Amino acid sequence: MAAPMSWRRLVYSVYTPALTGVFTRISDRFFRTRDRRRGSSVLLLAPLLAESDPVPLASSRPPSSSGAEGIQSRFHWMADHVPAFRVPGGCVRVLRSPDEFYQLMKARIRTAESRVVMASLYLGTGPLEQDLVDCMQEALERSQREGVGSDLKISILLDYTRGSRGKQNSRSMLLPLLQRFPEQMRVSLYHTPDLRGVLRLLVPERFNETIGVQHIKVYLFDDSLIISGANLSDSYFTNRQDRYVLLEDCGEVADFFAELVGAVGDVSLQLAPDDSVRMLEGMVHPYKGDRAEFSASARRRIMSVVNTARMRQHLQEAGSEGEGADPARAEPAGGRSDTWVFPLVQMKPLGIHLDEQVTERLLTEAGGDARVYLTSGYFNLTQAYMRLVLGAAADYQILMASPEVNGFFGAKGVAGAIPAAYVHIARQFHSKVCQLGQQHRVQLHEYHRPHWTFHAKGLWYYLRGCDRPCLTLIGSPNFGYRSVHRDLEAQIAIVTENQELQTQLQEEQEMLYKRSSEVSSATFLQPDRYVKLWVKLVTPLIKNFF
């Protein structure tokens with residue numbers, strides 16, 4: 001029975017945004033016990049509800065002037081944290097549509113000679129995905145026919161829980177290839193160490209994916225690769241808008257990501273031709289073994305890739321220019337290039353937080369001479385990122401999904417309320433912007449497109465006086481709690497002086513924003529922005545799960 005109208009009015013009058021803050025603070029204090037209580041499987045759920053404070057990142061350099069040398073000096077501090085690959089800007093191409101992304105992948109798989117490396121959350125089970133698998137089969141068959149020792153190797157990294165969902169799943173799609181080409185195929189299924197014990201037994205399929213997943217999206221063919229936020233599923237090939245960048249003949253970058261995906265694969269479950277899974281010999285099991293031991297072992301294996309790449313660069317510089325040279329300033333073997341690629345990895349469950357460090361410093365140093373266009377398919381900034389955006393001097397234009405292009409729009413059950421939860425989060429953020437009088441500097445935009453969904457994430461960084469961006473972040477992170485604290489993520493920072501590439505990035509940014517409308521207080525008064533009371537009450541407690 002519905003509550004009497006007088007009682008409903010009373011409830012609504014009592015509820016205020018302040019109550020939401022109380023719920024958030026209570027949950028933060030109550031559940032901030034991860035390191036002290038890791039031994040309990042039930043309490044492994046606790047850190048998923050807590051949000052840590054931002055790590056202060058001191059700025060050691062003042063903002064530099066614009067221009068080619070200014071761009072180089074302004075961002076070369078990233079090389080203090082991660083490898084720095086210098087490439088010709090003409091080798092970087094921005095892809096525009098899901099179909100272009102899909103067709104390019106199929107073409108590159110068919111012509112691959114030595115390696116295909118693909119990392120995604122999952123592989124779908126429809127006809128388009130089957131065509132992709134058929135391309136792999138054609139490439140492997142060609143490799144065997146050529147009789148050159150079957151040089152082609154295909155390595156695929158997916159998430160265990162998402163890839164195992166249902167009877168027809170990612171595993172069943174790949175098993176025929178694994179059975180026919182066991183020496184050339186490798187399928188690794190990453191399993192988060194946070195899903196273990198009683199928690200693993202109690203949390204049902206699909207919901208277990210909220211605990212943490214493998215979320216990296218890298219698609220690599222010989223010495224070329226695509227960095228994206230898109231999964232290997234039909235909607236990402238047709239009408240789900242994402243971002244994609246192709247790095248053509250960039251061997252060092254391709255080697256790095258092949259090694260990174262291989263390292264994550266080494267600490268993942270290996271799919272066998274009989275559909276069983278096992279760990280490589282000597283590796284700690286992610287949910288049967290000791291939690292701390294698994295994380296430490298995985299961190300060592302993955303960070304060895306990052307550290308080896310940095311050491312290799314320093315040795316190259318020492319040999320040609322003397323010790324202590326800046327990797328971001330070093331010239332590649334092929335001559336001077338005008339673009340830098342910085343790989344940013346975030347794997348907080350394993351103690352790796354390079355992307356978080358770089359992103360926080362980038363936002364911290366965004367001064368009054370900068371304009372930042374930031375987009376996320378799931379707008380749910382961490383408290384740290386939110387404080388940096390609201391406290392910065394830069395102008396921010398933030399693009400998010402309108403309810404009807406949210407990936408959960410129209411979903412059954414509790415998931416159907418997720419778009420409303422994002423509306424509530426956006427309204428709270430917009431209210432905070434207004435309270436601080438920052439409307440002139442921080443503006444929200446909603447993406448609209450009939451019969452499409454929106455999944456793009458990243459940012460474009462413009463300097464004052466420049467009509468084209470000089471930096472972009474592109475990859476899998478969404479700037480939310482999941483991306484920072486729970487999932488495995490990777491993106492790249494592209495810093496470029498190449499005018500043609502800058503133009504491509506500008507056109508990409510404008511293409512997305514032209515399908516948007518600016519958000520105002522009136523937006524949240526529209527009937528389709530109505531958020532039910534229970535959604536408002538629950539959102540502070542569950543927002544770290546999506």
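Biologist: At what angle do the axes of helix H13 (residues 383-391) and H14 cross, and within what distance do they come?

Modeller: In this predicted model, where local features need pLDDT of at least 70, side-chain atom pairs count only at pLDDT 80 or more and totals for chains, interfaces and linings use all residues, the axes come within 11 Å and cross at roughly 35°. Axes are lines fitted to C-alpha atoms, for helices over the stretch in contact, with angles from 0 to 180 degrees between N-to-C directions. Residues are numbered from 1 along each chain as its sequence is written, and side-chain values use heavy atoms, without hydrogens and water.

Biologist: Is the crossing of H13 and H14 left-handed or right-handed?

Modeller: H13 passes H14 in a right-handed crossing, so called because the near helix is turned clockwise from the far one by less than a right angle.

Biologist: Which residues of H13 and H14 meet?

Modeller: Met386, Val389 and Leu390 of H13 meet Phe429, Lys432 and Val433 of H14, where contact means heavy atoms within 4.5 Å. These residues divide into five nonpolar, no polar and one charged, since Ala, Val, Leu, Ile, Met, Phe, Trp, Tyr, Cys and Pro count as nonpolar, Asp, Glu, Lys and Arg as charged, and the others, Gly among them, as polar.

Biologist: How many cavities does the search of the whole structure find, and what makes a space a cavity?

Modeller: Four cavities of 30 Å³ or more are found; on a 1 Å grid over the protein atoms alone, a cavity is a set of points where a 1.4 Å probe fits but cannot get out, whereas a pocket is an open set with protein on both sides within 12 Å along at least five of seven lines. The largest cavity holds about 110 Å³, and among its 14 lining residues those closest to its centre are Met400, Ala401, Pro419, Tyr422 and Val423. H14 supplies the largest share of that lining, four residues.

Biologist: Which residues are closest to the centre of the largest pocket?

Modeller: The largest pocket holds about 1200 Å³ of space, and Thr210, Phe408, Ile418, Arg482 and Phe546 are the closest to its centre, out of 46 lining residues. H17 gives the most to this lining, with six residues, and by class the lining has 23 nonpolar, 13 polar and 10 charged residues.

Biologist: What is the average pLDDT of the protein chain?

Modeller: The chain averages a pLDDT of 87, with 84% of residues scoring at least 70, on the predictor's confidence scale from 0 to 100. Over residues 1-50, however, the pLDDT is below 50, and beyond near neighbours in sequence this stretch has 60 contacts in the model.

Terms used: Grid points are joined across faces, edges and corners, and a volume is the space filled by probe spheres set on the points. Helices (H or I, at least four residues) and strands (E, at least two) are DSSP runs, numbered from the N terminus.
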